[in-house]
Structures are given as structure tokens and as C-alpha cells.
Amino acid sequence: LTAADTAAHDIILEGLRKLPSQWPVLSEESKHIPYDERKCWEVYWLVDPLDGTKEFIKKNGEFTVNVALVRSGLPVLGVVHVPVRHVTYYAEKGKGAFKKLENGKSVPIRARAGRSDKLKIVLSRSHRGGQIDAFLQKAGPYESVSVGSSLKLCLVAEGQAHLYPRFWPSMEWDTAAAECVVTESGGQVADLRGRPLLYNKENLLNPNFLVRAAG
């Protein structure tokens, strides 16, 4: 946790409080809220004010701000902002996924990495582990790129990669906003049994999961 995490958390909360609909907020900085209180939330904001703290500290630009609206355990709106690149990925259930460029123009994105002799796999820059190595050995010919934060899911969403395997602990606020972007772009985020991730669980830890492009 850095001072930037806390400052970003406060700024986002201030903005959300100005919206007409006053839904509760769960974030990495407010994870202490008891489940007995949270379990009654039908709709709430799920926020990661600074995803990719290690990348932020390294100053490589690969950190994001993630804001999702969750309804009945599933993200229905997601915004992933990349401050250093002045780029924003966003999506709303049933309305598609978009990327807002530095020039202010928004373009639709699709999770359809083109045909290739090699599988394009995006990996975590900071986390690897033996389970990933074993998975890659069985993947066949592939090429990979390592990226930090929820940018990994966004690369699949915009068709830059076919697959992102996550076999390392992650929290609900790490994935909700980007999952909405992936889903609305035509891709899929699911656990290793093919089931969708669920949000506002008693234990906020995500299971291992795969992010896939369409087709």
C-alpha cells in the first residue's frame, strides 16, 4: 500500500458520492467491511484505486485505476483507466466495450486476436510460478508478453492476445472492471471449470481463472 493508493481511493469515493445513485463502495482500502453488512448489497461499486502497485513503484506505467459496478454478483459496468498512457477502457452490459484514446476518441474493441501459427499469451509481469510454467509447456507453440495490472485482461479484450491464464492469487477488485470490458468485447473470463467469477463473496479472493478471446 502506498500513499498514492490512499489518495486515489479518497478522490474516487468523493466522485462516486456526487452521483445521483448512492450505492455502497467496496475497495482494497475498505476491505475491512464485514460480510454480514456486504451480503445485503444488491448493487455496489467495486474499486481498485491503484492496480499494479509494484508497477507504479517501478515507474513503468503499467498500473491502472479500476472502477466496476456490480449487480447480483456480476460486473455490469467497468472502467479501467491507464493514467500514464492517457487511455481508458470501458464497457456496460449489453452496450459493448470501448477504448478511449489519448486524443479523446472512443473506438469499439473486440476480443478477437487474429489467426496465428502461435498462441498469443499475456502473462503477469510480477507473478509467475510453477503452475504457469506447467501450463505453458502444454500450450503448444506460443508467443508471450508480460504486462502488469488489469492491462492483461484489456489486451485480450482489444484483440492483442488470445489468452491470459491467472494461477496466482488475485482479489475481486483486481478483475471486476476489466472482466466487464472483456465480456462486452466478446471474450470470456471463467474459472478453471468454465464458471463465471462471482463477486461479493465472503472470501474476496478470486479462484484461478482464464481469460479467452472469442473464436
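## Starting in the sheet

Strands here are DSSP E runs of at least two residues, helices are H or I runs of at least four, and both are numbered from the N terminus. β2 and β3 pair in the antiparallel sense over seven bridges, where pairing calls for at least two DSSP bridges between two strands.

A word on the basis: this is a predicted model, with local features needing pLDDT of at least 70 and side-chain atom pairs counting only at pLDDT 80 or more, while totals for chains, interfaces and linings use all residues. Residues are numbered from 1 along each chain as its sequence is written, and side-chain values use heavy atoms, with hydrogens and water left out.

## The whole sheet

Seven strands make up an open sheet with mixed pairing, in the order β1-β2-β3-β4-β5-β6-β7. The edges belong to β1 (25–27) and β7 (106–108); each has a single partner strand, so one side of each has no neighbour in the sheet. On average, neighbouring strands are turned by 20° against each other, direction ignored.

## Two hairpins

β4 and β5 pair in the antiparallel sense over six bridges, with H81 opposite T88 in β5. Four residues separate the two strands of this hairpin, and H86 in the turn has a positive phi of about 55°.

Next along, β5 pairs with β6 (residues 97–100), again antiparallel, over four bridges. A91 has A97 in β6 as its bridge partner. This hairpin has four residues between its strands, and G94 takes a positive phi near 80°.

## Helices on the sheet

α6 lies across β1, β2, β3, β4, β5 and β6, and runs at about 100° to β4. Axes are lines fitted to C-alpha atoms (for helices, over the stretch in contact), with angles from 0 to 180 degrees between N-to-C directions.

## The cores

The largest nonpolar core has 39 residues, and L46, Y89 and V211 touch the most other members. A nonpolar core is a set of buried Ala, Val, Leu, Ile, Met, Phe, Trp, Tyr and Cys residues joined through side-chain atoms within 4.5 Å; buried means under 20% relative accessible area with a 1.4 Å probe, protein chains only. Among the elements giving two or more residues are β2 (43–51), α5 (151–157) and β12 (209–212). α6 gives the most, with seven residues.

Leaving aside neighbours within four places in sequence, V211 is in contact (heavy atoms within 4.5 Å) with residues including L153, V156, Y164 and V182. Apart from this core lies another, of 11 residues, among them L13, V25, V43 and V47.

Terms used. Buried < 20%, exposed > 50% of the residue type's maximum accessible area, 1.4 Å probe, protein only.
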